[in-house]
Amino acid sequence: MTRLSTAPPSQAQAEESPRRGLLQALEIDLRVFGMVIALAVILIGFGAATNWRFLQPVNMVNLAVQSVSVAIIATGMTMVIVAREIDLSVGSIVGVVGMTYAFLMARVLPDIMGFDNPWLWIVALVAGLALGVAIGAAQGFIVAFIGVPSFVVTLGGLLIFRGATWLVTRGVTISPVDPAFRMLGGGPQGSIGGTASWIVAGVACLGIVWLLVSARRQRRRFGFPLRPMWAEAVVGTVSCLAVLGLVWLFNSYKWPPALAERHAAQTGITIPPDGLPAGIPWPVLVLVGVTLVMNFMATRMRYGRYVFSIGGNPEASALAGINTKWTVMKTFMLIGLLCAISSAVATARLDGATLDLGEGYELYVIAAAVIGGTSFSGGIGTIPGAVMGALVMSALAYGLSFMGLSSPIQDIVAGIVLVIAVAFDTINRRRKT
């Protein structure tokens with residue numbers, strides 16, 4: 001184990017790179033920070049190219065909701081790639097689970113439970129989540145215990161589950177889904193409202209402060225180097241301002257007037273003069289929850305340490321007593337669960353399931369993970385980086401679509417960005433060695 005040194009750097013080192021010293025004091029992940037800068041450049045670039053129409057609140061909210069499905073799976077793909085595996089079947093899993101959601105809610109459960117049963121969508125959701133875990137477990141077992149390469153297993157899964165999606169419905173779109181389930185798709189009715197959004201922002205800011213204070217106490221307790229107080233203040237202030245700014249953006253998106261009047265009549269609320277704010281969409285809250293849980297698992301739980309150890313050196317991990325096969329299988333079960341969650345968001349957003357649901361997700365999910373700093377060599381990757389990578393990929397796709405460019409052009413740009421990201425990672429690793 002490498003021992004951390006608390007000795008201060010020499011004056012020559014401090015004068016050599018003041019900017020690097022500043023970033024080190026703030027303890028900023030340079031890859032994630034670079035993704036933030038890249039996202040800002042992309043948004044401003046598309047804004048300037050469209051006479052700033054692209055940066056209107058309605059487009060930013062749509063972009064955020066649109067990126068959720070890919071970002072959720074990207075957090076799991078990060079763990080899969082860190083463990084030196086790959087999953088090409090994520091898009092097909094999204095499709096087959098989405099068809100299962102819609103089929104249960106539209107054709108099966110109403111005959112059993114009744115159309116107005118409030119538990120209908122919950123039963124369908126649990127069934128879909130269980131199916132996602134089961135698919136991940138099956139693929140993980142074949143990869144980990146039988147020894148078939150994950151590329152082959154999941155490539156077969158891509159074809160199998162896409163075909164199963166067609167067999168469930170014979171190619172027919174299934175809709176609608178339960179109204180309560182539909183809220184997971186976002187939109188004005190799938191948002192928490194302006195007041196609740198500011199409450200969430202306040203709780204989030206208090207949580208940020210608590211985490212900073214708690215982390216500082218833990219460092220002091222175990223004798224680790226402490227971040228300067230000015231750095232703590234900068235990190236806390238910037239983080240809270242980012243949260244408040246995002247909530248302000250979500251609240252800037254107003255309900256359509258006719259829909260707002262109907263909602264006000266049903267709930268008895270008063271519409272403000274400047275319109276009824278929609279607030280934070282439920283899909284965004286789902287993504288935040290998934291990101292927090294996945295980051296905790298990756299950085300604070302034994303499972304996460306095992307995955308990174310396996311990715312760094314599988315043989316040494318096995319000799320150290322880690323059950324590598326079971327850990328790899330759990331990783332595939334985890335990404336199966338995340339595909340089911342992503343499918344719930346996508347199905348709710350479409351108010352049904354189509355035959356092409358999830359098609360092409362594998363490209364954007366893998367690209368998001370790699371752009372966010374995950375190395376194909378294994379052992380390196382971060383959950384926040386994967387989420388930022390998904391936002392970058394979604395911003396590119398949404399911006400190109402907003403400008404009227406076709407889907408093939410979007411695929412070309414996504415492919416170029418992916419190759420550049422992998423090339424950058426390869427060159428960076430060579431320099432370090």
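A salt bridge here is a side-chain nitrogen of Lys or Arg within 4 Å of a carboxyl oxygen of Asp or Glu. Across the whole structure, the search returns 4 salt bridges.

The model is predicted, so local features need pLDDT of at least 70 and side-chain atom pairs pLDDT 80 or more, while totals for chains, interfaces and linings use all residues. Residues count from 1 along each chain as its sequence is written, and side-chain values use heavy atoms, without hydrogens or water.

**Stop one.** Select Asp 351 and Arg 182. Their closest N and O atoms are 3.0 Å apart, in a salt bridge. The partners are 169 residues apart: Asp 351 sits in the loop between α15 (324-350) and α16 (361-371), Arg 182 in helix α8 (residues 179-182). Helices are DSSP runs (H or I, at least four residues), numbered from the N terminus. Relative accessible area is 24% for Asp 351 and 31% for Arg 182. Both are partly exposed; that class lies between buried (under 20%) and exposed (over 50%), using a 1.4 Å probe and protein chains only.

**Stop two.** Go to Asp 274 and Lys 254. This salt bridge spans 3.8 Å, N to O. Asp 274 is in the loop between α11 (257-267) and α12 (282-300), Lys 254 in the loop between α10 and α11, so the pair ties together parts 20 residues apart in sequence. Asp 274 is exposed at 56%; Lys 254 is partly exposed at 27%.

**Stop three.** Zoom in on Glu 232 and Arg 216: their side chains meet at 3.1 Å, N to O. Glu 232 lies in helix α10 (residues 229-252) and Arg 216 in helix α9 (residues 194-222). Glu 232 is buried at 11%, and Arg 216 is buried at 14%.

Technical notes:
Helix = DSSP H or I, 4+ residues; strand = E, 2+ residues; numbered from the N terminus.
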